[in-house]
Each structure stands twice: as structure tokens, then as C-alpha cells.
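Keep the viewer open as you read.

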Amino acid sequence: MVQGRAAERDRVDRMLADARGGASSVLLIHGEAGIGKTALLDYATARASGMRVLRLVGLESETELAFAGLHQLFLPVMDRVDQLPSPQARALRAVFGLTDDTVHDRFVIGLAVLTMLSEAADGGTLLCLVDDAQWLDRASVDALTFAARRLQVEGVVLIFAARSTAGVAGVDGFPSLHLAGLDQEAAAALVSDLPPYVRERILDEAQGNPLALRELSAALTPTQRAGQLSPLTMSAPSSRVQDAFQAQISRLPETTRALLLTAAADDTGTLDVILRAAEATVADLEPAERADLIVLSGDVLRFRHPLIRYAVYQGSPFAGRVAAHRALAAVLVAPEHAHRRAWQLAAAATGPDEEVADELERVAVWAGGRQALASASAAYERAAQLTAEPETRARRFVAAAQAAADAGQDERGGRLAAMVEVTPQDPGLAADLARVRAVVELGYGSPDVAARILLDCADHIGVRRPDKLPALLVDALHAAFSSGNAELIAAVAARAPTELVLAVPARLLADDVPGALRALHPLMAARGRTDSGFMDRLMTGIYCHLSADDQAAYEIAAEAVDHCRDSGMGGWLPTALHLLARVELTLGRYDAASVHATDGLRLAEGYNLAHRAAHLRAVLATLAAVRGEEEQARRLAWDALAYTEPRGIGRGTADALWALGLLDLGVGRADAALERFEAARAAPGHRLFGVFLLPDLVEAAVRAGRPERAVEPTRLLDEWARKTGRPGLVALAHRCRALTASDGEAEQHFVSAARLHQGGGAVDRARTALLHGEWLRRARRKLEARRHLRDALDTFTTLGAEPWARRAGAELRASGDAAEPSLGGPLSRLSPQEREVVRLAAAGATNREIAAQLFLSPRTVGHHLYRAFPKLGVTSRTDLATLLAS
């Protein structure tokens, strides 16, 4: 029973009621030990009539055992695994040790968990409870939080309980409920059997902590209950409760205490294992059971509260703890216990031990093969600590750092890399170490420094390991590109002048555009070959986008996204999605850009890829700006700038400032927009990286009455357009020349721009039509102006670009046309995610295939289609295909 907590119980009741209506929800309950988190979970269970309930409890001894939490949670519903899509089913079987398969992408596991929760609800409702989440293994936490962020209409209630929000990775942004101490009335009710004076002392000591109230009361001697209380030391309630537990434990027989220590060191909870390791009998547990310290149920032994386990373990001598771990390792000889045995041996080790280190490395390889990278890192780290030979020790620390970095634990990866005490003699290992250090630097520091770390390593090992050189240099180039440092990019290219992937940017930055485009052709032709590296293909897409070949950039980016998903390259997927969203933004495909940038940001946050998340926030800020969502645009842009500016990430800074400038330009704040665009242009280290915003800068300068500040940008854009020969870029150059030319020349440039825009991006075409219409209206040619303004208004309305639609509408009314804007077609009635689901369904994808691609549950996909069909006036997938084709 939950004493008090009326508001907290109401919140749980609302979540359960919403689930019965089909809505899913997530909650993180946090508070100190003994504050009542478990009691609130028990209340939820009692109120979940008619709901399936799954529950797991994190164990401190299992924090390094990959997927131990998930296995415990899904054990009652393992029959549902067969109902999952085959890639997801294979992944779960592998991580539960049922097969020897490897898992290439951790997000397949997260998606499998999402589908399992939906399947476990069985068309009804599910209550999923995760207690002591701070002790859950990281692989289970990652999978559960991934699923939690994507729950929508499955009828699932997922509640985590932890001691603090900082104790559980990946819960940032979850709805949370902090449990403080009970109020005086509720606290007094728990110790109502005590005399008033004694009750007041206990209330003062417990500070509203329910466990402290019960245990301090239970620990009182008859003399103390009579009112003769000795002075109590002032400390945290959990400390005093632990002291009370240790006092109870100390009164138990020695054989019982030894048996409890074995149970505290154990991580199976299996009674038979514990008794065999302790060489004891069930009778030896009776005193502990009578003292209410443990709970026995069938073949399972568990401590009534984690603090009891902690008190038993920490209150025992070191030699006793070592002996308990050795005894457990001696009985955990079955193959399914190999990982537990390795960790028990590691806990018992008091110095270097190569045999134990080898066992831990095998554990690390297994965990890494199933994307339990945090667990793999922990196993490699402990193996390194138990290794005496310097080179092997260094190799294991590097492997631990790599796994930590791949798990998104950049800070930990940096700490582990710093533990490599000597420069590795193996050049391959030196390259791996440099790449880890660069990843950490890119995540927390400067992209320039990251690139220089890789360059220095390339210079050090290039002669001995030429096979490692291309990967090091391409990684260095990618880092240098992030900052926009032209000098550094040239330095990278100079290390391997025959590598085309390095030659293209070097020639672009040296204004050798024809040479760069010639070098780009074989890269584009090679992108489909199996020997073409992923980074080479990704950089090729970036070059195409940079040189305004947006259709080619789109195709390469889409291929990169598919490759990441098919090959399990989850860590690179946010980068590929960023490129795809950036190209779609340029092409005016705002809905698709929004879906892909949002997915990319969620994944980047899931991987703790703060660097990539900043770039994706800048893209989403730009989308919000063109839609007129001012608060959203500013929040995202400033969040991005808070990360990019201090670290010298010039291109990310430019994108975020561009978003703020577009926001100002769209609502008529031309002076502010001009300042933003000029700052954005200056942020990267080379003018090439600011070409994309020159048309906006020119327009802002002219509208602000500062045409002299548009002269140089117009000239540069015109020069760049002529060198690349891209029709879309030439069209923009004509538009800018129209804005800065005399009236006698302007019209010719507007007409040329409109002609060249045909077949290009809808947004650029509409903005040119708007500016042309505005020019015609000012020239008192209102009838001609209306056609251009109407075209612009229709496009902006269809795309949801509200500021630009309002501006076109105002110009249209000023020209004498008071007609309302068109509605933009049936798809405009759908949300961006509904549109993406409809697009895939129309292409023939099943709900499960759509769910896998968009990282949703099949029930959520079905819900989106259920809502979309009546909005579109269709009743079948065949109708969808016909509608989209029209």
C-alpha cells in the first residue's frame, strides 16, 4: 500500500486510463533509496486490472552483463519473438544467447524491443515496469529508451524508477516525477504504534523516507521504544537505514552471514547456485528469512531491498568477498554462465591474471558482436587492468576506448584512450588509437584538433602501414570539412595527391572548378562498386551538394542512408540522414527533410553524438524558419550555436545563423537578416562554404536598402555559377543580378532565371516568381505581376512556407487580386509523419516494413494510415498509389 502520494497515484491512474484508450506513455520516477519508488510501481501493478504486466529489477551485480535486463523483462513473453519481423527476431535471439549470430546494428535491437512491447500488449494494453534502472546494463537501457521515445498508440505504459535522472543514460526529456519525503501526516501513520516522544524522534531522523521510518522503528530495542533514546548521528536517511540493516545482519549466525555474502556477490539469484557455492543448506537461510532480510520464492533468492544486499557486501571483510567470488566462479561452469564466470573471476582477482583477462576479452568480443558496446568496453577495460604485458594492455585499452566511443560514451572513451601509457609499436594499433582520440575530440572539442590528430598519425605510420593511410586521411578530411578550414583541408589532400576523394575539395578550394568536377566524375561512377568505401561515397555526396548537383547528391545520400540501415552502421546513420535532409531542404522537399532530420536527431541523441546533433538541429531550425515557426526556429538554432561556436565548427555555425537569417527575412526584418547572413558567410574558413546563402544575402541587402553590400556576393555567385554550369545555380545568379541591376536589365534576368528554374527546386522557382511579381507590381504592371505572385503563393502554401505565403498573398492583394490561396492538394492535410507513412504504403511496403524503416511500431504505422485514409478520401493502399501518381 502507498501511504499518502495522492498526486503521484493520480498521475499513474491517468497513464493507465490513457493506455486503455490506446495511448502510450512513459514516466521516470526518481528519488533517494527507500523513498517509495517501488511502492508506487506496486500501486501501478495493483491498478492495472485487465492489463498484461512485465516487470524487471536492475541488479548492481549485473550492470556489466549485456542484455541481462531485457532477458529478465521478456522472459514471460519469449514466445512472442517468433512473431517479430525476421531481422528483429534474429537480433533478440542472438542477444539472449539463443544463437551464435552477430548483430550489426543496435537499432535493430531497439526496434525489436519496440515491436515486442507492442506484441506483448496483444491488441490490448501493457504495463512495463523497470525498477532500480540505475543498475540496469547499458545495452538494455539503450534498447528500452530507444523504444520509449517511439511509443505512440500501442497502449503501453512504460515506467522507469531510479535514484536519480543522472543515473540512467538516455532519459533526457522523459516526463519525470520526483519523489520527496512523505508529509508529516502520512509519515506519522507509518509509525503510529510508537509512543509520541519516540515517534517524533523517528520522524525527525527519517525525514519522510518511508523505508527509514519502517527500519529505524523496527531496529528499536524495547528500552528505546519505552522512550530512552540515545543521541542519533545526523546523516542521510539511507546511511542510517544501512546502519540499521548492518546491525540486524551482525546478530545473525556466522553460517547465515557467510551464506548472505555469497548471495550478495551472486548475480543469478538462483538458490541452487548460491547454496552450492557457499556449501550450505536452506536451513542456514532461516534466520535471515525470519529477520525479513531476504525473500525466497521457488528456486529464487532475492534481498528485500538493494540496501540490504549492499550492507551485507560492504560490511564483509575483503578476503571474504574475494572468497565468495571464487566460490561462485567454481560452480558457474555451464556454457550459459561463461560471462558470469568471467566477471566473478575478475572480481576475485587481486593482480594481473592473463587467463582471466583472456576470458574477459572473449566476453567483450561476444558483447561487441551483439552491439552491447558499453558492456564490451567494460570487459575490455577490466581485461586491460589484469594484463601485465604493455602492448597487449595497450591493445585492450584501445579496444575499450573504441567500444566506448561507438557506444556514444565519448568522455569515457577519451579517459580510456588516455590510459594507454606508451605509444603503441604496432602502427595499426597506433592508427586505431588516433581514430578514437579524434572521435572524442570531435565530440567534445575542436574538429580542427581532431583532424590534426589524424594527420599526425598518418605522418607517423604512413610508410609502415600505407593500407591504414586512406581511412585516416578521409576521416581527417571529414573533420576538417566540419570546421570549414581550407588550409587544413589542403594539408590533408597534400598527404595523398593521387586520392581523388582528397583531390576534389583541394581543387575546389583552389578555384580549379573544372579540375574538381573532372575528379568528381570517377568518384560518382565508383559509388556503386563494392570496393568503394562508405566514407568515399559520403564525401562524394557532400561534394555534389557543394557543387550544386543536387539531384546526384540526393541519390548518393539516399543510397548512403539505405547502406547504413542494411549494413547495420547505426553510428553513421545520423550523418547520412543529415546529408539527405540538407539536400532535400535545398530541393524544397520540406516534409521529407523534416522526417529525415528528426529521425537523424533522435538517433544522434541516442548515440550521444552531440556534434552531429548540432548539425541536425540547424537543419530543423531552417525548416522551422521557412514555415514561420519562430519560437521553434530560435530554440533549435541557438541550441546548435551553443555547441558549434565555442568549438569552431564553422559550417554548423553557418547553417544555424542562416536559419535565423531566413526567419528574419521571411517576416520582413531585412536589416537583421542581412547581419545574420553576413555572419554566417564569415563563419566557415573559405568563401566556398558560404555560396549556398549568397542569394538570401543579396535579397536581404537589397530589401534593407543596402544594395552596395549585395555587389560582391552577386559577383561571386555569378562567377561560381558560370564555373559549375549548374542550371539551378545559374538561375539564382540571374535572380541576384535582377535585384541589383537597373530596371532596363532586371526583367531579362528574371525571365532567364524562370526559364532555368524549370525542372529544378520548387522553392527557388517560387521565390524567383515572388521577387519578379514584386518588381512587376512596383513597375505598375499589375496584371503581369498576378500570374507570378499566384504561382508563388500556390507553391508556398503547398509547402507550408507560411511567411513567404503571407508575403506573396499581400503582394497579390496589392496587385488587385483578392482571391484566396489554393489548398495545395490532399497531402497537405496530413502531418509530415503521416505523409511519409502514406508514401511508403503507396509504394507497396507493409506496415512492418514501414515500421522498420521509420523506427516505429507496426501499431503506430497502422494508426497513421487509419487517420490518413479518411483525410485523403481513400479506402485502400491501391487508392493511395493512384492518388500519389496523380
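**Cores and loops**

The largest nonpolar core holds 194 residues, and Phe74 and Phe160 have the most contacts inside it. A nonpolar core here is a set of buried Ala, Val, Leu, Ile, Met, Phe, Trp, Tyr and Cys residues joined through side-chain atoms within 4.5 Å. Buried means under 20% relative accessible area, exposed over 50%, and partly exposed in between, with a 1.4 Å probe and protein chains only. A second, separate core has 45 residues, among them Val198, Leu252, Leu260 and Val273.

Before going on, note that this is a predicted model, in which local features need pLDDT of at least 70 and side-chain atom pairs count only at pLDDT 80 or more, while totals for chains, interfaces and linings use all residues. Residues are numbered from 1 along each chain as its sequence is written, and side-chain values use heavy atoms, with hydrogens and water left out.

Back to Phe160: setting aside neighbours within four places in sequence, its contacts (heavy atoms within 4.5 Å) include Val26, Ile29, Val130, Ala133 and Phe174.

Now for the backbone. Most residues other than glycine have a negative phi. Aspartate 132 has a positive phi, near 50 degrees, and it sits in the loop between β3 (126-131) and α6 (138-148). Helices (H or I, at least four residues) and strands (E, at least two) are DSSP runs, numbered from the N terminus. Arginine 780 also has a positive phi, near 65 degrees, in the loop between α40 (762-778) and α41 (782-799). Which of these is buried and which exposed? Aspartate 132 is buried at 8% relative accessible area, whereas arginine 780 is exposed at 75%.
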